[in-house]
Amino acid sequence: MPIEWNETIAMGIEEVDEQHHRFIDLIAKLERTVADGTIGKHVSDIFDELRAYIKHHFKTEEEHFIAFGCYSNAEAHTASHRAFEERIDKIRIQFLDDQNALTAELSRAMYDWLLNHIKHMDREYIECFKAHNL
């Protein structure tokens, strides 16, 4: 089932929402390539795009945590970023020879991140970021 942008994902912080929108687009791209049978051709590109997204988005959030200094859960939040990076890297290595398993595990990881991190943990810093005019 395709994921679409909705208010349960929106943070009301333009910079973060734009980046989260990009993550939703990556999930949709993964779903399209699975549906049309071209995952084998595109999985490497999807991983590359996901890694670039992760690097940029996590850097954005973590720089704000430091600059603003008002988010009390910044350390745990940053640790969850590192854990997700490691999870994605392990998926790529573990399932390199099995596209179906790789695709299923990557999809599961991305949906888990959306449902557990973006929809919940990211909400913890909204007040802090908005207090600094984001």
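Predicted model: local features only at pLDDT ≥ 70, side-chain atom pairs only at ≥ 80, totals over all residues.

Visitor: How do I read the way two helices pack? At what angle do α1 and α2 cross?

Guide: Look at the angle between the axes and at how far apart they are. Here the axes of α1 and α2 cross at roughly 165 degrees and come within 10 Å. An angle over 145 degrees counts as roughly antiparallel, so α1 is roughly antiparallel to α2. As for handedness, α1 passes α2 in a left-handed crossing.

Visitor: Which residues meet there?

Guide: Among those on the α1 side are Phe23, Leu26 and Leu30, and the α2 side includes Ile46, Leu50 and Tyr53. Sorted by class, the residues of the contact of α1 with α2 are nine nonpolar, eight polar and five charged.

Visitor: And what angle do α2 and α3 make?

Guide: Roughly 170 degrees, with the axes coming within 11 Å. These two helices, α2 and α3, are therefore roughly antiparallel to each other. Among the residues making the contact are Phe47, Leu50, Arg51 and Ile54 of α2, along with Phe84, Ile88 and Arg92 of α3. The class count for α2 with α3 is nine nonpolar, four polar and eight charged residues.

Visitor: Are α2 and α4 parallel or antiparallel?

Guide: Start with the angle again. Helix α2 (residues 39-68) packs against helix α4 (residues 99-118) at about 25 degrees, and their axes are 11 Å apart. Since angles under 35 degrees count as roughly parallel, that makes α2 roughly parallel to α4. The crossing, in which α2 passes α4, is left-handed. On the α2 side the contact includes Val43, Phe47 and Leu50, while α4 brings Leu102, Leu106, Met110 and Trp113, among others. By class, the contact of α2 with α4 has 10 nonpolar, four polar and one charged residues.

Visitor: Next topic: cores. How many residues does the largest nonpolar core have?

Guide: For a core, you look for buried nonpolar residues whose side chains link up. The largest one here has 25 residues, and Phe23, Leu50, Phe84, Ile88, Leu106 and Met110 have the most contacts inside it. Helices α1, α2, α3 and α4 each supply at least two of its residues. There's also a second, separate core of 12 residues, with Val16, Phe65, Tyr71 and Tyr125 among them.

Visitor: What does Ile88 touch?

Guide: Leaving out residues up to four places away in sequence, Ile88 touches Phe47, Leu50, Arg51, Ile54, Leu106 and Ala109.

Visitor: Now single residues. Where does Phe95 lie?

Guide: Phe95 is in the loop between α3 and α4. To judge how open a residue is to its surroundings, check its relative accessibility. For Phe95 that value is 22%, so Phe95 counts as partly exposed. Again skipping residues up to four places away in sequence, Phe95 touches Ala101, Leu102 and Glu105.

Visitor: One more: is Asn133 buried or exposed?

Guide: Exposed, with a relative accessible area of 73% for Asn133. You'll find Asn133 in the segment after α5 (126-131). Check its backbone too: phi of Asn133 is near 65 degrees, a positive value in a residue other than glycine.

Notes: Residues numbered from 1 in each chain as written. Heavy atoms only, no water. Axes fitted to C-alpha atoms, helices over the stretch in contact; angles between N-to-C directions. Helix = DSSP H or I, 4+ residues; strand = E, 2+ residues; numbered from the N terminus. Parallel < 35°, antiparallel > 145°, perpendicular 65-115°, else oblique. Left-handed = near helix turned anticlockwise from the far one by under 90°. Contact = heavy atoms within 4.5 Å. Nonpolar A, V, L, I, M, F, W, Y, C, P; charged D, E, K, R; others polar. Core = buried A, V, L, I, M, F, W, Y, C linked by side-chain atoms within 4.5 Å. Buried < 20%, exposed > 50% of the residue type's maximum accessible area, 1.4 Å probe, protein only.
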